[in-house]
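This report walks through one protein chain, from its overall make-up to single residues. Please keep the sequence and the 3D view at hand while reading.

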Amino acid sequence: MLLGLEFTLFYFVLVSAIFWLIRPLSASVAIIFLLIVNFVSLTIADYIITLIVLLQFGFIALLFAFRNRVPARISGIYPWFAFLSLVPANIIPHIVPHSKMLSFSSNVGIAGALPLLGVSFVIVKSFIILKESIKLGHIPVLPSLAALTFVPSFPAGPIHGMGPWKSENLARSIGIRDVAMAVAMAGWGTAALYVLAPQLRALANNLPAGALGEIGSIYVRFAALYFDFSGYSLLAIALAALFGVTLPQNFNRPYLATSIREFWRRWHMTLNWFVGTYLFKPFVRVSGSARKGIFLAFICVGIWHEFSIGYLLWGIGHGFALSLAMQPPRFWTSLMARLPHPLATFINWALTMSWVALLSHTATVWLGV
């Protein structure tokens, strides 16, 4: 966690109690209180974080103003330009390498693997807020800043816009059942993030040298990434629930996926929603080419993760696989049709898991992990 697990849990349970003392008086005042807590917390973690968030919010306002001047003929592809214009914020941690803003978790080693993740999520949330604001015709300041700054979801999502933080979407109260559900989610998230993921990473480090050990390490490290990422997402969702906020689910048993398309319906579901809604569909409406759209969209997503060769290859790999899945080669569909269904399902599952694990390894190995 950005501020450490124990402190974050205690701190935000206490903050949520104060929040509910204020909430009956005014939802806006309660959100302002939470914003103050968020900004103070982010500044304590690293003042650069606060600076980036404020600059990014200002950039949203500039792009919002510019959108009204966009010619009609390019309005369909404006989302691509707007998204790419937000991406350069990923360079900032290279300029300010001391920044701690991008810790994915505090003690499981993922901070070295994905050092730019915090900025990346600010970028995507900013883009969604921009699109929502364009649709509304104005920028709602309080829910926008709350979406950008909520500390538990700051470094790694889930991805969302201002919607969950609008006053009309906030719960008016929470009961014992809601608190129990949040505690259960937090418990599983903690176990996944701080027990299962470190154990798997330690196992990967202790595999015997040689080809088999290296191959096994790719699969085990990907499993560690899954428990890392899903555990963090679940903790963020649980802590948001204590404030009466419903954040979107981010994972749905991705290891059951038997195709790359199903994998992305189960893995990092909010990113899949973002790509489909804000990058893929607008491109297809303009170009009419779904295969090119998904390929280019995932190249953008690779760059969104980080400006690196590894993540560029990650984006190309996923884009290529998803594009191929839209129109599989005839020999492959014919072969799978001839095989017994359980065998064909197993082959597709094994190929899917191997491909995503290999791409994950490709992305991180360039970062020296």
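The chain has 16 helices and zero strands. Here helices (H or I, at least four residues) and strands (E, at least two) are DSSP runs, numbered from the N terminus. The model is predicted, so local features need pLDDT of at least 70 and side-chain atom pairs count only at pLDDT 80 or more, while totals for chains, interfaces and linings use all residues. Residues are numbered from 1 along each chain as its sequence is written, and side-chain values use heavy atoms, with hydrogens and water left out.

**The chain as a whole**

Of the 369 residues in the chain, 52% count as buried. Buried means under 20% relative accessible area, exposed over 50%, and partly exposed in between (1.4 Å probe, protein chains only). Among contacts in the chain with a separation of 6 or more, 72% are between residues 24 or more positions apart. A contact means heavy atoms within 4.5 Å.

A nonpolar core is a set of buried Ala, Val, Leu, Ile, Met, Phe, Trp, Tyr and Cys residues joined through side-chain atoms within 4.5 Å. The largest one has 93 residues, and the members that touch the most others are Trp 165, Phe 243, Phe 263, Trp 264, Trp 267 and Phe 274. Helix H10 (residues 211-241) supplies the largest share of this core, 13 residues.

Phe 263 has contacts beyond its neighbours within four places in sequence: Phe 222, Pro 254, Ala 257, His 318, Thr 352, Met 353 and Val 356. One of these, His 318, lies in helix H14 (residues 309-326). Is His 318 buried or exposed? His 318 counts as buried because its relative accessible area is 2%. Not counting residues up to four places away in sequence, His 318 touches Ile 260, Phe 263, Trp 264, Phe 298, Val 356 and Leu 359. With Trp 264 there is also a polar contact, side chain to side chain, at 3.1 Å. A polar contact is a pair of N or O atoms within 3.5 Å; within protein, one must be able to donate a hydrogen and the other to accept it, and residues adjacent in sequence count only if both atoms are side-chain atoms.

How do helix H2 (residues 27-45) and helix H3 (residues 47-67) lie, and at what angle do their axes cross? The two axes come within 5 Å and cross at roughly 130°, which means that H2 is oblique to H3. Axes are lines fitted to C-alpha atoms, for helices over the stretch in contact, and angles run from 0 to 180 degrees between N-to-C directions. Angles under 35 degrees count as roughly parallel, over 145 as roughly antiparallel, 65 to 115 as roughly perpendicular and the rest as oblique.

On the H2 side, Phe 39, Leu 42, Thr 43 and Ala 45 meet Tyr 47, Ile 49, Thr 50, Val 53 and Leu 54 in H3. The residues of this contact are seven nonpolar, two polar and no charged. Ala, Val, Leu, Ile, Met, Phe, Trp, Tyr, Cys and Pro count as nonpolar, Asp, Glu, Lys and Arg as charged, and the others, Gly among them, as polar.

**Pairs apart in sequence**

The table lists residue pairs with their separation along the chain and their C-alpha distance.

| Pair | Residues apart | C-alpha distance |
|---|---|---|
| Ala 186 and Tyr 232 | 46 residues | 9.1 Å |
| Ala 344 and Thr 258 | 86 residues | 9.5 Å |
| Lys 131 and Arg 67 | 64 residues | 9.9 Å |

Ala 186 lies in helix H9 (residues 176-205) and is buried at 15% relative accessibility. Leaving out residues up to four places away, Ala 186 touches Leu 235 and Ala 238. Ala 344, in helix H16 (residues 341-365), is buried at 7%. Lys 131 belongs to helix H7 (residues 117-136) and is partly exposed, with a relative accessible area of 27%.

**Backbone details in loops**

The peptide bond from Gly 157 to Pro 158 is cis, with omega near 10°. Pro 158 sits in the loop between helix H8 (141-149) and H9.

Arg 253 is not a glycine, yet has a positive phi of about 50°. Arg 253 is in the loop between H10 and helix H11 (260-266) and is exposed, at 54% relative accessible area. His 268 is not a glycine either and has a positive phi of about 45°. His 268 is found in the loop between H11 and helix H12 (269-287), and counts as buried at 2% relative accessibility.
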